[in-house]
Amino acid sequence: MKQILDLQKLITFRHLMHQNPEASLKEFQTQKNVREFLIGLNIKEDVIKVCGTTGLIVDLSGEAEKAGDDRLIAFRADIDALVLNEANEHLPYRSTNGCAHMCGHDGHTTCLLAFAQIFQHYKNTIPKNKTVRLLFQPAEEDYGGSVDMIRDGCLENVQEVYGFHQWPTAKIGQVWCKEGSMMSQPIQMQFDFVGKGGHASEPHKFNNPVQCAAEYLYTIHNQLSQEKGQFTFAWTCFNGGTAFNVIPDTATVKGMIRSLEAGLGDRLFNDCCSVAEKKCQKYGCSVKVQRQAENYPLTANHPKEAQHILRLGEKYFGAGNAHAGPCPVYASEDFGNYTLKVPGAFFFLSSGKNDTNNPMLHQSNFDFNDDLIELGAGFWWEIAKDRLLI
């Protein structure tokens, strides 16, 4: 791979992307930079298409004579950054614009560009009926941009879809994958309890939403704590009132459920709503419920595709380096939208520089390990060769 890849050019691209991060749905310059890099690989402009407004899809096909069955598979990389101030003062390419690639999407993007460079090197030996569609997806962090990519046709005729996320808590050189649940379905909940406020000297005349919300939190926490299944929950915000002597009109509770079982999160959310209604009846209040993160389903792998990743990982990374690892994890992704439509698998590549003490994803001092560019691109190529049947 070192003879094929221009690693210095790729690292320079990654550092530039890291230095100029763009938040979800604002990745216009990133989109332009990815496009220019692809054109620099002699990829024809007419196969590079806008998708999901700030994303791109790129069809890489071979140029040799047709052979065997037609194959079209898709590889995905996310391109957006977090709204977060970076704390890596020592990095010459650190970001300073209030956004930061603390999840490593700059590295994911660069790995996929590196794969494109490998594919271009071998395209004369690849049959023209074998195609890899690259999905450069926006807005993974704060919207679920895969929904818009699918809406714009990114999965049209795709037979299998794959994606990965680097994971820095283990030293570089492993692939983690399993069939079924990989990452949780998140449900963000906001309950606005609406009562009737007034002077605190006459509480009997009013409907206190703070009392209603407080009792709700106590009751629902106890109820959820007794539930069985693979899920976690947390209540993270309680706002109500501004003064000692005023009963407010509203009190707000926010929280989150993350589930690793299909349908479980939805059932628990409905239970949360039911308990809120009952508490409102007791206190003469009403409740307005908001549910968010609708674009983030359970990220679950199809059995055959997960086995492909483990089989190829064992071959590529070596014996004992392809396994389930810590999966499933309660973090969340929007890749599950793809596997709801097309067979596929999501996997993790360990990327730590050391065995321990690597900054975790979303920490303000995280930085992608450039050593994974060559390794990740090579594994993409291993998957491509196998799944294109070449």
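Predicted model: local features only at pLDDT ≥ 70, side-chain atom pairs only at ≥ 80, totals over all residues.
Residues are numbered from 1 along each chain as its sequence is written, and side-chain values use heavy atoms, with hydrogens and water left out. Helices (H or I, at least four residues) and strands (E, at least two) are DSSP runs, numbered from the N terminus.

**The sheet**

- An open sheet is built from 8 strands in the order β1-β2-β6-β3-β7-β18-β8-β16, with mixed pairing; two strands pair if DSSP finds at least two bridges between them.
- Its edge strands, each pairing on one side only, are β1 (48-51) and β16 (322-323).
- Strands β2 (residues 55-61) and β6 (residues 130-137) run antiparallel and are joined by 6 bridges.
- Residue S61 stands opposite T131 in β6.

**Helices on the sheet**

- Helix α2 (residues 28-40) packs on the sheet and touches β1, β2 and β6, where contact means heavy atoms within 4.5 Å.
- The direction of α2 makes about 15° with that of β2; axes are lines fitted to C-alpha atoms, for helices over the stretch in contact, and angles run from 0 to 180 degrees between N-to-C directions.
- Helix α7 (residues 303-317) also packs on the sheet, touching β7 (160-171), β8 (175-176), β16 and β18 (344-352).
- The direction of α7 makes about 35° with that of β18.

**Helix α2 with helix α3**

- The axes of α2 and α3 (residues 105-122) come within 10 Å and cross at roughly 20°.
- The two helices are therefore roughly parallel to each other (angles under 35 degrees count as roughly parallel, over 145 as roughly antiparallel, 65 to 115 as roughly perpendicular and the rest as oblique).
- The crossing of α2 and α3 is right-handed; a crossing is left-handed if the near helix is turned anticlockwise from the far one by less than a right angle, and right-handed if clockwise.
- V34, F37 and L38 of α2 meet T109, L113 and A116 of α3.
- By class, this contact of α2 with α3 has 5 nonpolar, 1 polar and no charged residues (Ala, Val, Leu, Ile, Met, Phe, Trp, Tyr, Cys and Pro count as nonpolar, Asp, Glu, Lys and Arg as charged, and the others, Gly among them, as polar).

**Helix α9 and its neighbours**

- The axes of α3 and α9 come within 8 Å and cross at roughly 55°, which makes α3 oblique to α9.
- This crossing of α3 and α9 is right-handed.
- Residues making the contact include F115, I118 and F119 of α3 and W380, W381 and A384 of α9.
- The α3 with α9 contact divides into 13 nonpolar, 3 polar and no charged residues.
- Helix α7 and helix α9 (residues 371-387) have axes that come within 10 Å and cross at roughly 125°, so they are oblique to each other.
- α7 passes α9 in a right-handed crossing.
- Among the residues of this contact are R311 and K315 of α7, with E374, E382 and D386 of α9.
- The contact of α7 with α9 holds 7 nonpolar, 3 polar and 6 charged residues.

**Aromatic pairs**

- The count of aromatic pairs comes to 24, where rings of Phe, Tyr and Trp (its six-membered ring) pair if their centres lie within 6.5 Å, and planes under 30 degrees apart count as stacked, over 60 as edge-to-face and the rest as tilted.
- F164 and W380 form a tilted pair, at 5.7 Å centre to centre with 55° between the planes.
- This pair links F164 in strand β7 with W380 in helix α9, 216 residues apart.

**Backbone details**

- C327 and P328 are joined by a cis peptide bond, with omega about 5°.
- A139, a residue other than glycine, has a positive phi near 55°.
- A139 lies in the loop between β6 and α4 (146-151).
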